[in-house]
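Hi,

Here is the structure I promised to pass on to you. Have a look at it first, and then read my notes below.

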Amino acid sequence: METKCIVCGKEIVDRDTIGLNKKLIGKNIVEFYCIECLAVYLDCTVSDLVDKIEEFKEEGCTLFQ
Amino acid sequence: MKHMIYADNAATTKLSKEALSAMMPYLEEEYGNASQPYSFSRTVKKAVKKARETIASCINALPEEIFFTSGGTESDNWALKSIMCSNEDTRGLLTSGIEHHAILKSAESIKKMGIPVSFLPVNAEGIVTPDILEREINNKTKLVSIMLSNNEIGSIQPVKELTGIAHSNGALFHTDAVQAVGHIEVDVISLGVDMLSASAHKFNGPKGVGFLYVRKGSKIAPFLDGGAQEFGMRAGTENVAAIVGMAVALKENITSLEKSTSFILEMENMLLDRLTVSGVDFIRNGAKDNCAPGNISLSFRGLEGEMLLHRLDLKGICVSTGAACDSKNTRISHVLRAIGLDDEYATGTIRISLGKNNTPEEVNKIADAIISIVQ
């Protein structure tokens, strides 16, 4: 699936970023942010989001690689 | 680093500084074993005795009715299993469908042993009304276990009335009061209960310690065999520091209960008012007139509770959710299911639990954050 960030147009190639968008915005969304633009949108740091991805993986969430 | 706002006080609470100070000597110089007869252990022994007396006085019990445990889960397991599995009496257990898993899982274990177990329904406010119990109870009921205050939605059960019904049918009554002790007035004589479970870390005490109240004269089997600690009912060297901390924290909470309750209710109303005025579509779950102060279960239409939890977390706000998602399904909690909450709202449920250490400024920030996420 080819997905582009709705803000900067950057291609989102990893499943983790898609999964994170679904977790933090809504599971039925069809438009996605790249991790940098998602951090801006959510007013947090990219590091915060990377931590979230790791936590979701540890929980065994299948949205992540 | 952003300022963290802790609004998950139903999960655990911050250890009281007074409790910590009281604990320190027993973690350092007063390390004697309370069971030993030499003078070095005298201080420790007296500390355990005093803690038992303090805790008993906080719930209007006798000191010998208080048994120290490792926490609420152990107390619940002990109460249910010792009564239900102790003799040839094959009468059954009645509990509710909204209990904590410490009760529900214990009840399931008891059921697997071939003992009859029934789970009572609740009304839309999460209450086991007296008529619900009246319908199900009979002379084949040995024990009724209904929580005092629900952990997810805060509904306070009519335990006094339920206990009366249990006793008039020849059954014992246990209440899981983990969310209630230290937060609402708990008087075991007035409630009439035979057993009551509590956990220190829910009322600003340390983790890993709690107690089970057992009314004098009630026959209960020992939980752990071994030494003579806890009147021979729960063997194992006492966790003296934790026991002392628990007593100090409970006394502190009880002493300031009226003031804390009023302060917490003010903040609770402030939060609900802010959300209502902003036009956010939400439901507040739980009993309309009788909820544990600060326990605010909110369901937002069409949203996902887990999304809200993580978005709030990114803003430094700690809350819980009543619904967790995976890639395909949303698992709605047994409590939200039991009250019959519409899925459209249930999936978007979070629990904000305010405590005495929260501030009105924090509550305003929580309201701002929710409104910005939801709208």
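Let me begin with a salt bridge (a side-chain nitrogen of Lys or Arg within 4 Å of a carboxyl oxygen of Asp or Glu): B:Arg52 forms one with B:Glu230, with their closest N and O atoms 2.7 Å apart. This pair links distant parts of the chain, 178 residues apart: B:Arg52 sits in helix α2 of chain B, and B:Glu230 in the loop between β8 (210–214) and α8 (240–255) of chain B. Helices (H or I, at least four residues) and strands (E, at least two) are DSSP runs, numbered from the N terminus. Both B:Arg52 and B:Glu230 are buried, meaning under 20% relative accessible area, while exposed is over 50% and partly exposed in between (1.4 Å probe, protein chains only).

A word on the source: this is a predicted model, where local features need pLDDT of at least 70 and side-chain atom pairs count only at pLDDT 80 or more, while totals for chains, interfaces and linings use all residues. Residues are numbered from 1 along each chain as its sequence is written, chains are lettered from A and ligands numbered from 1 in the order in which they are written, and side-chain values use heavy atoms, leaving out hydrogens and water.

Helix α2 (residues 42–58) of chain B also holds B:Lys49 and B:Glu53, four residues apart and so separated by about one helical turn. Their side chains meet in a salt bridge (3.1 Å, N to O). Here B:Lys49 is exposed at 52%, and B:Glu53 is partly exposed at 36%.

Finally, B:Asp281, B:Arg301 and B:Glu344 are linked in a network of salt bridges. Over all chains, the count comes to 18 salt bridges.

Enjoy exploring!
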